[in-house]
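Welcome, and thanks for bringing your viewer along. We will go from stop to stop, with something to select at each one.

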Amino acid sequence: MIALRGYFLWYNLIMTKKKHKWFTFRGILIVLTVILVGWVVYQNWPDILETLKHLHEANGFVLLLLIPEQLFMYFACGQIFFSYLRHKHNVKKFTNGEILRISTELNFVNHAIPAGGVGGLAFLTYRLKPYGVTAGQASFLYLFRYAITTVVNYAQALIAIGVLLLLNWIPKEAMWVIPVSLLMNLSVFFFLWFVIFVASSSKRIEFFARNMSKLLNALVKVFTFGRKNQLMKYEKISNYFQDIHQSVKIAKENKGYLKAPIMWGLIYSFFEVGTYWIVAISLGRPELLPFIMVGEAIGSVFDGIVPYGLYELGMAGVMIALGVDFPTATIITVMTRVITLLFTIASGSYPYYEAIRSKDAK
């Protein structure tokens, strides 16, 4: 099926040249995406071979649970955005199919293309524009989703640490994990407080937008050797941040709007941890759930700001520090990463291509 889909995609791209203008933004973006995905697969090739080497050790029937689990996880991620958007009168309504499709595309951009969280935010803004969602509103939703899932991840980590302490499963030399987790919790809460503090005031937003426009234009002037003095007009930057301000203001005044997104954030975060747990169960190690919860929380701090790599390294390192043997922690982390990466490419590449070439997503 995947081979046939790949053939028809190749046929549409190569044989029907009249339908495509390759030197448009969309054409360049599609070609660039193919190159980046190829580079990602190349960079992960040693891990792919390592996964194939250990695949016979896993229970295949248990691993098959990853297919419905991943799809539902995408859907839950989308519901964080769209359950909030349902309250906005100027936004078109979304069907469950659209929610799953857009979430699958976003997951593809976030994980198959090495652009960190910036690529996901840019794509979400582009994708939601036809539905009446502004760039500022999309940015608010993206930060909102990151805030919910991060807070839930760290809450899960604290619960897991409590369980490990009660069971006396944490070695004395690994006690550093506890203050590190607490420090990360405090830093995350401080960051969220700072964002809300700035976004809650129109004056602070204007101050931030004014200085941001000056900085961007100064950088453009330097890098273009004075040929271009302005990258973006102050009015556009101001409108963008004012959109974020209005979204934060509406959320603070209507806290009931946040109930459904928070519920879906809880579900999404559990299924995110569940991905690693299913792989651990397939390898006969279901008792590693609390170790996975702690490792995933600490590793996820990098997920929204840097291309993947440090995420898996941090997660495996924490699990090893907590007493999980090196081979098991490494195999679980690498195998999960490879399986989800390949599933992400298989499930998201064609919907992403259709979204980019669609006349409706302008």
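Leaving aside its neighbours within four places in sequence, which residues is leucine 141 in contact with? Select leucine 141 and look around: apart from those sequence neighbours, leucine 141 is in contact with Phe81, Tyr84, Leu85 and Leu128, where contact means heavy atoms within 4.5 Å.

Before moving on, a word on what you have open. This is a predicted model, in which local features need pLDDT of at least 70 and side-chain atom pairs count only at pLDDT 80 or more, while totals for chains, interfaces and linings use all residues. Residues are numbered from 1 along each chain as its sequence is written, and side-chain values use heavy atoms, with hydrogens and water left out.

**The whole protein**

Zoom out and colour by secondary structure. The protein has 15 helices and 0 strands; helices (H or I, at least four residues) and strands (E, at least two) are DSSP runs, numbered from the N terminus. Of its 362 residues, 46% count as buried. Here buried means under 20% relative accessible area, exposed means over 50%, and partly exposed is in between, with a 1.4 Å probe and protein chains only. Among contacts between residues at least 6 apart in sequence, 77% join residues at least 24 apart.

**Back to leucine 141**

Now return to leucine 141, which sits in helix H8 (residues 135-166). Is leucine 141 buried or exposed? It counts as buried because its relative accessibility is 1%.

**The nonpolar cores**

Next, select Phe81, Phe82, Leu85, Phe94, Phe123, Leu128 and Leu141. These are the residues with the most contacts inside the largest nonpolar core, which has 52 residues. A nonpolar core is a set of buried Ala, Val, Leu, Ile, Met, Phe, Trp, Tyr and Cys residues joined through side-chain atoms within 4.5 Å. Helix H5 gives the most to this core, with 10 residues. Apart from it lies another core, of 31 residues, and Ala147, Tyr154, Val273 and Leu289 are among them.

**H5 beside H12**

Show helix H5 (residues 66-85) together with helix H12 (residues 259-282). They pack at an angle of about 160°, with their axes 8 Å apart. Axes are lines fitted to C-alpha atoms, for helices over the stretch in contact, and angles run from 0 to 180 degrees between N-to-C directions. That angle makes H5 roughly antiparallel to H12; under 35 degrees counts as roughly parallel, over 145 as roughly antiparallel, 65 to 115 as roughly perpendicular and the rest as oblique. The crossing of H5 and H12 is left-handed, a term for a near helix turned anticlockwise from the far one by less than a right angle, with clockwise being right-handed.

To see where they touch, pick residues including Phe72, Phe75 and Ile80 of H5, and Trp264, Tyr268 and Phe271 of H12. By class, this contact of H5 with H12 has 16 nonpolar, 6 polar and 2 charged residues. Ala, Val, Leu, Ile, Met, Phe, Trp, Tyr, Cys and Pro count as nonpolar, Asp, Glu, Lys and Arg as charged, and the others, Gly among them, as polar.

**An enclosed helix, H13**

How many of the 11 residues of helix H13 (residues 289-299) are buried? The count is 11 of the 11, so H13 is largely enclosed by the rest of the structure. Among them are Phe291, Met293 and Glu296.

Highlight Val177, Val180, Ser181 and Met184 in H9, which meet Val294, Ala297 and Ile298 in H13. This contact of H9 with H13 divides into 6 nonpolar residues, 1 polar and no charged.

- Arginine 127 is in helix H7 (residues 116-128) and counts as buried at 9% relative accessibility. Leaving aside neighbours within four places in sequence, arginine 127 is in contact with Arg101, Ile102, Glu105 and Ala355.
- Serine 201 lies in the loop between H9 and helix H10 (202-223). Its relative accessibility is 15%, so serine 201 counts as buried.
- Asparagine 168 is in the loop between H8 and H9 and counts as exposed at 64% relative accessibility. Phi of asparagine 168 is near 60°, a positive value in a residue other than glycine.
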